[in-house]
Each structure stands twice: as structure tokens, then as C-alpha cells.
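Biologist: Before we discuss this chain, please show me the model, and then set each value against the definition that it rests on.

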Amino acid sequence: MSSIRNLSVGLPIRSGHVLVLDGVDRVTGEAFHRAIGGGIEFGETAEIAVRREFTEELGVTLGATELLAVVENIFEYEGNPGHEIVHVFAVDSVEIDAIPRSAQLRVLDEGSPIRWVSIGEANHPFYPTGVADILDTLLRESSS
């Protein structure tokens with residue numbers, strides 16, 4: 001890929017856990033957690049994109065959203081370079097709140113596994129770059 005992708009992702013958080021996609025780089029074998037979301041389409045705001053992505057990927061409607069940060073992610077995945085500008089949102093949804101913490105879900109449009117992960121005890125890195133710091137800050141703020 002030789003262009004920069006603009007993405008919008010959301011972080012549904014409940015009781016110290018975040019709902020994320022689980023992935024594995026098939027070249028390096030690295031397992032990771034990735035925030036749910038995807039590309040911003042032409043003519044669409046970042047907020048509209050995150051709402052659309054959650055509908056497409058989980059079949060849920062988002063309530064409140066709050067832009068937490070915009071992060072730049074330069075990486076290599078499965079042997080290919082990538083470059084993203086990512087809008088990271090806190091998201092609320094009554095439908096997501098109803099998902100049990102033990103649930104094992106799949107992305108509707110491509111099948112990747114999704115599950116609740118403990119923010120403070122995750123055993124794999126969070127992506128895109130910067131999401132781990134955002135989650136740590138949110139966890140500290142919620143416990144104070």
C-alpha cells in the first residue's frame with residue numbers, strides 16, 4: 001500500500017474491559033488486539049464512519065461518541081508496510097452493553113474474532129499505536 005489510510009475506530013469500555021478484534025500477523029506470528037472500526041469514506045465525517053463501521057461489523061447502533069485522540073500508525077503487517085491516520089472514539093451503545101463479557105463474537109462482514117479484553121491485564125499489544133496509552137488513561141480516570 002503506498003497511500004495513507006484515514007480510519008475511525010471505537011473503544012467500547014465496560015468494567016475495565018474493552019471490546020476489541022483479535023488478530024494475528026501470519027508472517028511474524030504476533031497476536032494482537034485491534035480497535036473496532038475501519039476506513040473513512042469520501043464525504044463522510046470520522047464520527048459517521050465509526051457509527052457505520054459498528055453497524056457493518058457488529059450490527060449495533062452507537063449512542064454517544066467522543067473523539068479521544070487522532071493517532072498516526074506506521075507499521076508493517078503480514079510483510080506489507082502500512083500508514084494510517086486514526087480517529088479514536090469512546091463509544092456507548094445499549095446493544096454493546098448487553099454483550100456478556102464471556103461472549104465470543106465475529107465481525108459480520110469478514111469473520112475476525114471479537115471479545116472483551118481486560119485493559120489492565122491484556123496479554124497482547126493494542127493497535128493502532130497509541131490505543132494502549134488511551135486505554136490506560138481511561139482506566140486511571142475511571143478508578144479515581
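Modeller: With 144 residues, a compact globule would have a radius of gyration near 15 Å, and the chain has 14 Å, which agrees; the radius is taken over C-alpha atoms, and the rule is 2.2 Å times the number of residues to the power 0.38. This is a predicted model, in which local features need pLDDT of at least 70 and side-chain atom pairs count only at pLDDT 80 or more, while totals for chains, interfaces and linings use all residues. Residues are numbered from 1 along each chain as its sequence is written, and side-chain values use heavy atoms, with hydrogens and water left out.

Biologist: How do you know how many helices and strands the chain has?

Modeller: Helices are DSSP runs of H or I with at least four residues, and strands are runs of E with at least two, numbered from the N terminus; the chain has 3 helices and 9 strands, in the order β-β-β-β-α-β-β-α-β-β-β-α from the N terminus on.

Biologist: Which residues of α1 are called buried?

Modeller: Buried means under 20% relative accessible area, exposed over 50%, and partly exposed in between, with a 1.4 Å probe and protein chains only; in α1 the buried residues are A46, A49, V50, R52, E53, F54, E57 and L58. Across the chain, buried residues make up 42% of the 144 residues.
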